[in-house]
Amino acid sequence: MYIFDIDGTLLYTIDSIAYNINQTLKAYGLKETPTDKIREFVGNGPKVLIEKTLDYIGFEKSEKREEILNSYNKRYDDNPSYLTKPYDGIVEELEKIKKRGELLVAFSNKPDSTCKKVIGDVFGEGYFDFILGYRKDIERKPSPEGMYIIKERFGVDFSDIIYFGDSEVDMKCGKNAGVFTVGCSWGFRDRKILEDLKPDSIIDKPSEISKIRRV
């Protein structure tokens, strides 16, 4: 089984996320935030993303933060595939994996409904065997709870799973679950950050994905 994070691993989404954040900020008369800074805030779900963005611009009104978060979520959920595309080589690698009869799973801290929508828009309905995003009944990554749900759904062992991600959250999630964890350096974090987290492997381009096999 191959499990993939979405943002920064399967899909180039930072322009979409930054656009929707800055459109939301503009609607509230707040200053925009550079895309490179927003990139640093991605990985822990929209609530943390918005909190860090508002901290960065010095917005102190705590009573407005929930309203701004809800506004961003609605704006993004209306069209999550805007300015979004697979990284070069991703589709070809997924096809190789599917031809081997492997299961494909997308797993993210985005809301579950958003994950299903963006993966369906980009790859087509039913392309992935399972898509799991954040739900109120499970903890976000780096908790391994989502991994447990995936494992139980398909009746596989953790030794059957390879997990690909691009952030600290992903590396910690994989380690917490005890699965073979691969850092993807083309995403939202520098290679050095991934190296410091000591995943089982680090790859630098999508064309290396299908070469990773279970030990």
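**Note on cavities, cores and backbone in a predicted model**

1. Ser 113 is found in helix H6 (residues 112-123); helices (H or I, at least four residues) and strands (E, at least two) are DSSP runs, numbered from the N terminus. Ser 113 counts as exposed because its relative accessibility is 51%, where buried means under 20% relative accessible area, exposed over 50% and partly exposed in between (1.4 Å probe, protein chains only). Glu 32 is 81 residues from Ser 113 along the chain, and the C-alpha atoms of the two are separated by 27 Å.

2. On provenance: this is a predicted model, in which local features need pLDDT of at least 70 and side-chain atom pairs count only at pLDDT 80 or more, while totals for chains, interfaces and linings use all residues. Residues are numbered from 1 along each chain as its sequence is written, and side-chain values use heavy atoms, with hydrogens and water left out.

3. Domains. The assignment gives domain 1 (2-12 + 84-211) and domain 2 (13-78); such bounds come from an automatic or database domain assignment. The centres of domain 1 and domain 2, taken over C-alpha atoms, are separated by 24 Å. To the contact between them, domain 1 contributes 16 residues and domain 2 contributes 14 residues, contact meaning heavy atoms within 4.5 Å.

4. A cavity is a set of points, on a 1 Å grid over the protein atoms alone, where a 1.4 Å probe fits but cannot get out, and its lining residues have an atom within 4 Å of a point. Grid points are joined across faces, edges and corners, and a volume is the space filled by probe spheres set on the points. By this rule there are 2 cavities of 30 Å³ or more. Two or more lining residues come from each of helix H3 (46-56), helix H4 (62-78), strand S4 (104-111) and helix H8 (168-177).

5. Which domains supply the lining of the largest cavity? Domain 1 and domain 2 each give at least three residues to this lining. By class, the lining of the largest cavity has 9 nonpolar, 8 polar and 8 charged residues. Here Ala, Val, Leu, Ile, Met, Phe, Trp, Tyr, Cys and Pro count as nonpolar, Asp, Glu, Lys and Arg as charged, and the others, Gly among them, as polar.

6. Second largest cavity. This one has about 30 Å³ of space. Its lining includes Phe 107, Ser 108, Asn 109, Tyr 134 and Arg 140. S4 and strand S5 (130-134) each give two or more residues to that lining, and S4 gives the most, with 3 residues.

7. Nonpolar cores. A nonpolar core is a set of buried Ala, Val, Leu, Ile, Met, Phe, Trp, Tyr and Cys residues joined through side-chain atoms within 4.5 Å. The largest has 45 residues, and those with the most contacts inside it are Phe 4, Leu 10, Leu 94, Ile 119, Phe 128 and Phe 164. Helix H1 (residues 14-27) gives the most to this core, with 5 residues. Domain 1 and domain 2 each supply at least three residues to this core. Leaving out residues up to four places away in sequence, Phe 128 touches Phe 4, Leu 10, Leu 94, Leu 104, Val 105, Ala 106, Ile 119 and Phe 123. A second, separate core of 15 residues includes Phe 130, Leu 132, Ile 138 and Ile 150.

8. Most residues other than glycine have a negative phi, and most peptide bonds are trans. A cis peptide bond joins Lys 141 and Pro 142, with omega about 15°; Pro 142 is in the loop between S5 and helix H7 (145-154). Leu 83, not a glycine, has a positive phi of about 60° and lies in the loop between H4 and strand S3 (85-86). With a relative accessible area of 42%, Leu 83 is partly exposed. Lys 198, also not a glycine, has a positive phi of about 55°. Its place is the loop between helix H9 (191-197) and strand S8 (201-203), and at 61% relative accessibility Lys 198 counts as exposed.

9. Ser 210. This residue lies in the segment after S8. Is Ser 210 buried or exposed? Ser 210 is buried, because its relative accessible area is 8%. Apart from neighbours within four places in sequence, Ser 210 is in contact with Tyr 2, Glu 93, Lys 96, Ile 97 and Arg 100.

Conventions: On a 1 Å grid over the protein atoms alone, a cavity is a set of points where a 1.4 Å probe fits but cannot get out, and a pocket is an open set with protein on both sides within 12 Å along at least five of seven lines; lining residues have an atom within 4 Å of a point.
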